Amino acid sequence: IGGCKPERILQNYQRITGKPAMPPEWSFGVWMSRSTYFSADEVSEVARRMRVEGYPADVLHLDTGWFEKDWLCNWKFNPVTFPEPQKFIDDLAKQGFRISLWQYPHVRPEIEQAAYALEQGFVGEETEASHRHWLGYTIDFTKPEAVRWYQSLLAPLLEMGAAIIKADFAEEVDEGAVYAGLDSQKYHNLFALLYQRAVWEITAQFHGKENAIIWARSA
């Protein structure tokens with residue numbers, strides 16, 4: 001990206017990506033997290049203690065442990081350890097906490113959504129030269145139908161009241177795979193931008209642009 005000076009390069013970059021909006025006021029508060037909370041009871045106890053002990057906090061982040069198996073992202077709460085996710089989120093909201101949820105842009109072969117994603121071509125097409133990402137198949141965000149499918153996985157969580165989706169990873173793709181006609185080298189530099197746009201757009205759809213924020217890892 002040309003421009004000679006850093007300021008001009010940044011301006012030219014933002015002509016491509018769009019300029020960032022001002023984050024909502026509540027997001028400037030304290031975010032409480034650890035790696036990781038494994039149950040609704042554990043999170044609720046943290047919330048209770050923070051209020052009782054007068055510690056200010058606005059966001060509670062659930063990292064890798066809210067799924068049925070730690071790190072196995074299937075975009076669904078563990079039904080045993082988070083048996084009533086709607087009530088869980090509502091109860092925390094009454095105490096002034098917003099919920100942030102961790103996830104990633106890859107499809108592990110063992111999750112229930114994998115067969116459909118592969119059948120529909122929502123992930124990179126593997127070739128003899130492919131080297132699959134360690135977290136699974138990489139979602140192809142150059143395909144509008146794949147973007148809509150991915151957003152449909154986030155929609156129930158946002159409708160339930162989750163305020164933030166953590167758009168983790170995005171610095172790597174399946175090397176050697178083909179993405180909607182693009183090879184992995186070309187897709188590599190678009191991946192983070194397209195992924196984060198998909199997350200932000202569905203968040204804004206549910207919470208409005210004034211309250212839309214994502215927690216992104218790769219710029």
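This is a predicted model: local features need pLDDT of at least 70, side-chain atom pairs count only at pLDDT 80 or more; totals for chains, interfaces and linings use all residues.
Colleague: In what order do the five strands of the open sheet come?
Modeller: The order is β1-β2-β3-β6-β9, and the pairing is parallel.

Colleague: Which strands stand at the edges?
Modeller: Those are β1 (31-32) and β9; each has a single partner strand, so one side of each lacks a neighbour in the sheet.

Colleague: How many bridges join β6 to strand β9?
Modeller: Three bridges join them, and the two strands run parallel. Strand β9 covers residues 214-216.

Colleague: And how many between β3 and β6?
Modeller: Four bridges, again in the parallel sense, with β3 spanning residues 98-103. Leu 101 is the bridge partner of Ile 165, and Gln 103 is that of Ala 167. Ala 167 is also bridged to Ala 216 in β9.

Colleague: Which way do the residues of β6 point, and are they buried or exposed?
Modeller: Ile 164 and Lys 166 point one way, Ile 165 and Ala 167 the other, and all are buried.

Colleague: What lies across β1 and β2?
Modeller: Helix α2 (residues 40-52) does, running at about 160° to β2 (59-62).

Colleague: Changing topic, where is Arg 108?
Modeller: Arg 108 sits in the loop between β4 (106-107) and α4 (114-120).

Colleague: Why is Arg 108 classed as buried?
Modeller: Arg 108 has a relative accessible area of 16%, and buried means under 20%, so Arg 108 qualifies.

Colleague: What is Arg 108 in contact with, leaving aside neighbours within four places in sequence?
Modeller: Its contacts are then Trp 71, Leu 72, Ala 114, Leu 135 and Gly 136.

Technical notes: Residues are numbered from 1 along each chain as its sequence is written. Side-chain values use heavy atoms; hydrogens and water are left out. Buried means under 20% relative accessible area, exposed over 50%, partly exposed in between (1.4 Å probe, protein chains only). Contact means heavy atoms within 4.5 Å. Two strands pair if DSSP finds at least two bridges between them. Axes are lines fitted to C-alpha atoms, for helices over the stretch in contact, and angles run from 0 to 180 degrees between N-to-C directions.
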